[in-house]
Amino acid sequence: MELSKEEEEILEGKQGVAKQKAMEILVALGNIYGAENLIPVASVQVSGVSYKNLGDAGFEFLQEWADSGAITQVLTTLNPAGMDLEQWESMGFSPSFAQKQLCVISCFSRFGIPPLCSCTPYLVGNLPLLGQHIAWAESSAVSFANSVLGARTNREGGPSALAAAIIGKTANYGFHLERNRKANYLIQVKCLLKDEADFGALGYLVGKKIGSSIPYFKGIPEFPSMEKLKALGAAMAASGSVALYHIENITPEAKMQNMLLENHETMQILSLQEGYEKLNSSCKDIDMVSLGCPHASWEEIRQVASYLEGKKLKSRLWITTASPLAAFARRSGLEKKIQNAGGFIVGDTCMIVSPIQDLGVRSLATNSAKAACYAPSHCNVNVRYGNLKQCLDAAIEGSFSE
Ligand code: F3S
């Protein structure tokens, strides 16, 4: 890989061990993937924030890097942590877990990273533009940034994202290169897509079939809401490892030029039924309803508050979101409406990366195909999958009806 004089000096340790370590990671990755050079990034999103996933070894690695004086050079935000950083006590998280999680967050603060823990950073101030190079780690956010915003990122790991933040650059390969961004799979959608759960089921089916290919959708009606697009991308990233998709006449790159390779495979989606079947278990009683995967938008919080006004819940309800949106919900009175029904707006975390088994949760309803895909293995729970209304009705009744 060709490095500038300054980059060589960093690699040799002339600007300190913190930067040297970051540069070593970037150069190693660049060499593995055949990058020609490094390119500046506009922003970074770091994963590996929840202590549940990080563990003591990950925390020690971070701490050592922070001790060496590493500081981020560009706007950097974090993926969800393992708990709401403010309300953890009232929500039942153990002090021992909380103490470790807070140490992880304060370690990131030493890198100059604000405690903004969200998988939808694009809703709260980390919003890259069309064509901008970024280094993001969370799979659903990577998909949204590449596809809906038209920014350019590979799916970074936690250490490589942090290395990019410390240097302000990333290795120039993969989705950073124009030639790698065209679709090699045509998806012809020939069924009705009513709501976010349908988009999630579609994403689940497509991701399962195409793995890490790039899909090009035809037959999606104009204009799906931002919430439906985030559900689609998150599901494809979870059931497969799709990091970029195009939709005819909708996503920015597909509007500007032909993004479908001549030599492509084709998949037809005639029905979503198989997706719903695979994402559902047969459990009826619901301990918890989880909404906001990826983190809820303002509109999603508003819809929940309006549906729950004057109602009472039998099951625990979490709407997970970025902490600034949770704060707006508090200020605007939406949180009160949800709390009066018995639900929580939960900032900073999500049920997949938090230790919900310790809260006694054994069965879950969700409108997120990503959560439905991960929850059985990550959280050891039975899952019911449906749209927002079905999930909220399940929280009200304590059971999921068809
Ligand atoms: Fe976000 Fe957690 Fe879902 S990180 S995409 S809410 S699994």
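What follows is a chat about a predicted model, its ligand and some of its rings and residues.

Me: How do you know which residues surround the ligand?
Reply: A residue counts as near a molecule if one of its heavy atoms lies within 4 Å of it. The ligand is surrounded by P80, C119, E138, S140, G292, C293, P294, C350, I352 and K370, with numbering from 1 along each chain as its sequence is written. Since this is a prediction, local features need pLDDT of at least 70 and side-chain atom pairs count only at pLDDT 80 or more, while totals for chains, interfaces and linings use all residues; side-chain values use heavy atoms, with hydrogens and water left out.

Me: What makes the ligand lie between domain 1 and domain 3?
Reply: Both domain 1 (5–178) and domain 3 (280–397) give residues to the shell, so the ligand lies between them. The domain bounds come from an automatic or database domain assignment.

Me: Why is the pair of Y122 and F144 called stacked?
Reply: Rings of Phe, Tyr and Trp (its six-membered ring) pair if their centres lie within 6.5 Å, and planes under 30 degrees apart count as stacked, over 60 as edge-to-face and the rest as tilted. Y122 and F144 are 3.9 Å centre to centre with 5 degrees between the planes, so this pair is stacked. Y122 sits in the loop between helix 4 (95–110) and strand 4 (135–136), and F144 in helix 5, 22 residues apart. Helices (H or I, at least four residues) and strands (E, at least two) are DSSP runs, numbered from the N terminus.

Me: And why is the pair of Y276 and Y385 called tilted?
Reply: The ring centres of Y276 and Y385 are 5.4 Å apart and the planes are at 40 degrees, so the pair is tilted. Y276 belongs to helix 10 and Y385 to strand 14, 109 residues apart.

Me: Why does Y385 count as buried?
Reply: Buried means under 20% relative accessible area, exposed over 50%, and partly exposed in between (1.4 Å probe, protein chains only). Y385 has 2% relative accessibility, so Y385 is buried. Y276 has 21%, so Y276 is partly exposed.

Me: What makes S297 buried?
Reply: The relative accessible area of S297 is 3%, so S297 counts as buried. S297 is found in the loop between strand 10 (288–291) and helix 11 (298–308). Leaving aside neighbours within four places in sequence, S297 is in contact (heavy atoms within 4.5 Å) with L123, M226, E227, K230 and L325.
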